[in-house]
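Trainee: Here is the entry we were asked to go through. Can we take the labels one by one?

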Amino acid sequence: EITSAEQAGELYGYGSPIHSAMRILRPNNGGGIGGIPTLVFAQAEPAGAAPKVIDITPTGAVTGNGTHTVKIAGRNGVDGQFYDINIVSTDTIASVCDKIVDAVSAVVGTPVLPTDGTTKVTLTTKWKGLTADGLQVSVDTNGDDLGLSYATASVSSGSGTPSIQAALDMFGESWNTIVLNGYGTDSATMGL
């Protein structure tokens, strides 16, 4: 039984799919589903699974000061922490990349791990599997490009879907009222 998003983050990793679901069901500020017990049946990573990898490549020459924002999964932040990049006129592409890495790394619940490549930043999902493939990334210039543009490109797709049979077997004779489907419409998984 999981009683908070923080507990889910500690057990399964901050930014993992389980942590992300528990942020909604059991938010840190209270509310959510209240006293209804929340049981988690974690899935084993499928053999040969891969994370989704996305590159952010900034280009241009900085012409002023301002704030740009990385958007990950359509969000400009998580739990009051934001992916803001504070650009100053003396920045180079390398320093902008450093700032992107710092901005993403500062958000505890981010679903990706950033790696600085000097001329680009590589974001890798914190989990492997087909569910990672839907993650989208963009950069919002907030109405002022400051001489920069950002290209985002998927380097590799998330792949692999685990079998959920072991988790279903754990239900036993228990009555589970609502089951959260994190696998979408994958027919091989949902056919069980």
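Trainee: Why is Ala73 called partly exposed?

Mentor: Ala73 has a relative accessible area of 46%. Buried means under 20% relative accessible area, exposed over 50%, and partly exposed in between (1.4 Å probe, protein chains only). The value for Ala73 is 46%, so Ala73 counts as partly exposed. As for the source, this is a predicted model: local features need pLDDT of at least 70, side-chain atom pairs count only at pLDDT 80 or more, and totals for chains, interfaces and linings use all residues. Residues are numbered from 1 along each chain as its sequence is written, and side-chain values use heavy atoms, with hydrogens and water left out.

Trainee: What is the phi of Ala73, and where is Ala73 placed?

Mentor: Ala73 is not a glycine, yet its phi is positive, about 55 degrees. Most residues other than glycine have a negative phi. Ala73 sits in the loop between strand 2 (66-72) and strand 3 (77-78). Helices (H or I, at least four residues) and strands (E, at least two) are DSSP runs, numbered from the N terminus.

Trainee: What makes Thr118 count as partly exposed?

Mentor: The relative accessibility of Thr118 is 49%, so Thr118 counts as partly exposed. Thr118 also has a positive phi, near 70 degrees, and lies in the loop between strand 6 (112-116) and strand 7 (121-125).
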